Every structure is written in C-alpha cells, then in structure tokens.
Amino acid sequence: MKDLSKNYINGQWVNWAGDTIDVHEAGTGEVIAKVPASGREEMEQAIAAADDAFATWSESTLEQRIKVLEQLHAGLKERAGEIAETVCREVGMPIKLATGIQAGLPATITKTYLNMLPDFPFSEQSGNSEVQYAPVGVVGCITPWNYPLHQVILKVVPAIAAGCTVVLKPSEIAPQSAYILAEILDGSDLPKGVFNLVCGEGHTVGDTLIKHPDVNMVSFTGSTRTGNLIAHAAADDFKRIALEMGGKSASVILPDADLAAAVKGTVNNCLLNSGQTCTALTRMLVPAEQHDEACELAAAAVAKMTPGNPLEETTRLGPLASAQQRDKVIDYIKLGIEEGHTLVAGGPEAPEGCDKGYFVKATVFGNVKPDSRLAQEEIFGPVLCVIPYNDEAEAIRIANGTQYGLSGAVWSADADKAKRVASKLRTGQVFVNGGAFNPMAPFGGFGHSGIGREFGKWGLEEFLEVRSLQL
Ligand code: NAD
C-alpha cells in the first residue's frame, strides 16, 4: 500500500500526520493507498504560496514557460506506464484503454499547448489600442475521479502557460496520478509556489479553496451539484469560474443511417470507462420503426462487453471506481425496471465471476420515455437508454430535452443532413457519423453541463484577463 500522507506546498513536500483517506482498487475493493484528509490550514498555506509566486510567474518569459512544459511532457511520457496502471487500478478503466487515454491524453494535451505557445497572441492591436492578455491570477483547480490526470492537465497546463499560479485539489477517490504530476513538476524548473497540491475532502479543503479571497479563479470539473455550490461561492467576490459538469448526451440515429454502425458506435461510446464519462452517449434516439432492431443490435454489442479484471490486456469493460458509484448505478437500473422501461440486456445483479470489486452489468433499456428519470438524470455507469422517435423534429426536441448539453452524435447516410441536424443540437460538441475526437477542438457544455471551454486556444483563454492600453 502506498503512503502518500503529504501535500506539495511552496515547492516542498509537507508531511501530514492527521486523518487520511483510503484509496481503493476498483477491481478488488482493497485499499491501495492513503492520502491526507488535509485541513483548511494546509489549503490556506498553499493559497498563500500561490499568491506569493504570482508576482514573479506572471512576469515569466514564454521561454521559461515552454521549458517547464517540455520537462512536464517528457516526464509524462517517461512515467506513462506507471500512470496507466495507477489509474486503471483506481478508476477501473481496462489497462489497454488506460494506456492510450488516461496516460496518453495528458501528454498529448501538454504537447498541443507546447505547439501553440510560441505563436499565441498575448497582445494584439485594435485601432489605437494595444490589447493585452494577462494571467488571471491564483487559480484553484478542483477535479473528479473518472479521468483523473487528464482533467488535471486540462487545467494546470494552460494555467501555467498563461502565467497563472495554481492550487490543485484532486479527487480524493483517484488522487495518485496528481502526486505523479507533482513529482514531475518538483523535478522541473518551475519556481516554488507556482504549483501546489493539497489533498482532502471537498467540504473542507475544497470549500476553503472556492471561498478564499486570494483565489481569483476556480476551474472545476465534476458534478453539476458541486458546480452549483462553486458558482454560488464565486458570486460573493466575483471570482472567475470555469465549470465542466455532467451530461446526458443523445446519439441521434436518422432513418437513412447505417444502423449497425451507428448502434455499435453509440454502445462503444456509452460504455467507455464503464460509462464513467461525462460525454457518454447514454440516450440512443432511433426511428420508432427501427427501435426493436436497434435494441437487438445493442444487446449483441453489449454481450461482447463482459466485465473483467481491468489489469488484463483483453478486458474491455472494467468495474466502476467506487462502491458508492456502483450502488448508485444499480439503484438506477432498479429504477428503470420500476419505471416500466424494457430491460433489453444486463440488470441489477452483479456480473458472474465478479464477486469482488465494483462491477455492474452493461445494461440496455428499450422504449425509454424521454421525460422519465432514467432518460433525464446522469447515471455515470454502463447504462444505455434506447428512445424511439417519430420524425426528425421530435428527435431534435428529445435530444435537446434535458438540462444538460455536453456532447451528442448524429448518424446519417447524407453528410449534409447529418450536419444540419448536428447544428440544431444545444450541446458543446457533436460527433457526426463517428467523427474522431480532436484535442484541439473546444470542449464544454451548454446549460447545466458547464460554463467555459477547455482544450486548445479556448482552454488557454479561460486563464487570461483582457487589458487594453489606449495609445
Ligand atoms: P464531484 O462534484 O462529487 O467531485 C468533484 C470534485 O469536487 C472532487 O474533487 C470533490 O472533492 C470536490 N468537491 C466536492 N464537494 C465540494 C465542495 N463542497 N466544495 C469544493 N469542492 C468540492 O464529482 P465526481 O463524482 O468526482 O465526478 C463525477 C462528475 O463529474 C459527473 O457528474 C461527471 O459528469 C462530471 N464530469 C464532467 C466532465 C466535463 O468535462 N464536463 C468531465 C468528467 C466528469
């Protein structure tokens, strides 16, 4: 078991002797690490360090920032195997996928900022004004457990690139990769105090971070419930906020689409990371006359996804990250049965041969009513709702008929039609006929899915204030 009873504050590892939080292995339920349940005082020290460091880091040259990010990129590449295994054990994502996504994406994203920085216009001319883009200040970063390092990198890298200083409070459920990040940055040329890591519970250290007057911005990824608390807290002293929250994304399969390909694409997306993905396509909208065929295809696709040990190279569906999340998802499957939707595949019982760990059967419900709780609430597990529709206008209405708006998909044999329908979806991104994920495209939500955008230049702009000099 790893003892990580320490925080990283002002360039020093500070030992923690108080209460700790157990980190569990998703596939076995065993305790694999302990991290601090830090107090408000540690968070205040980290904020003070970030505040002190801001004066110099905000004046750092582009070369200094690029050098640090190059060192970070090299460290992430070097420790990729360790990162993949750490996240695989904590979150339950199968090792093959974890290697590409949980370890691969953080390095890829760091590289996108390295490529962008030399030419990024930190100032521009507008008439007789010089418009300057200045770092926003001390940034509090609060992150969830499903893609733990990826979500941290999406904040820490552009914040540092912008000249901001950072206090990170990672998820207490999957915190270990944040320690790897801190170790890499500790070995880099980043000046002390620019990056700080404090581990603990949301209602203590998280609460201090979002309410502290010396924090200029909170960049948050997590549930809509916590995002709401952050928005309220930020209103008190007009902190800037960037919120990436939940989703209930629709995959709209139009009548002329290749049904088999569309169902396969939707199921694969829905089950990625056992459904613990904010952008998961969890509502599959199909023409009413193709509903039964779509359900059969979905059941066949799900049958190939038997859950197993995430550390095995051949496993495609792992467990959920925690007992709490498993229980929540099972409750939703029971709710789906109570609400009277058709159980097409899966169910609430534990999958065969998975008596330890946090496993749930991949589950498909058919004839799901669009206004039901099952179709409206984010489940965050391997549960797909198949919803029949009668015409295109109804499909668009159903797709837009939740409080969320994070992602979506449209499938059609007619590319122009697919694009036309995609443009009507009130959501931050839409995958058209299985278009590839793009780490340079803006990512974020409409409605209750979020405020602000991450990735690419949009992700960097979140950390910049605008100043205009009239000359
Ligand atoms: P969560 O909101 O429970 O926790 C997220 C973080 O907030 C954790 O670090 C937690 O400790 C902290 N926190 C909790 N209460 C707090 C408080 N009162 N004050 C300050 N901080 C507090 O979310 P989760 O369960 O860890 O993550 C799952 C959620 O994240 C899902 O809803 C999912 O859709 C969402 N998510 C969104 C995106 C996105 O980019 N839109 C990406 C991944 C996950």
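Predicted model: local features only at pLDDT ≥ 70, side-chain atom pairs only at ≥ 80, totals over all residues.

Modeller: Residues are numbered from 1 along each chain as its sequence is written, and side-chain values use heavy atoms, with hydrogens and water left out.

Colleague: How do you know that the size agrees with a compact globule?

Modeller: The globule rule is 2.2 Å times the number of residues to the power 0.38, and the radius of gyration is taken over C-alpha atoms. For 471 residues a compact globule would have a radius near 23 Å; the protein has 22 Å, so the two agree. The C-alpha trace spans about 65 × 60 × 40 Å along its principal axes.

Colleague: What share of the residues is called buried, and why?

Modeller: Buried means under 20% relative accessible area, with a 1.4 Å probe and protein chains only. Of the 471 residues, 57% count as buried.

Colleague: What makes S7 and S21 a pair?

Modeller: Two strands (E runs in DSSP of at least two residues) pair if DSSP finds at least two bridges between them. Strand S7 (residues 129-135) and S21 have seven bridges in the antiparallel sense, so they meet the definition of a pair. Val131 stands opposite Ser468 in S21.

Colleague: Why are S6 and S21 called edge strands?

Modeller: The open sheet of three strands has the order S6-S7-S21, with antiparallel pairing. Strand S6 (123-126) and strand S21 (464-470) each pair on one side only.

Conventions: Helix = DSSP H or I, 4+ residues; strand = E, 2+ residues; numbered from the N terminus. Buried < 20%, exposed > 50% of the residue type's maximum accessible area, 1.4 Å probe, protein only.
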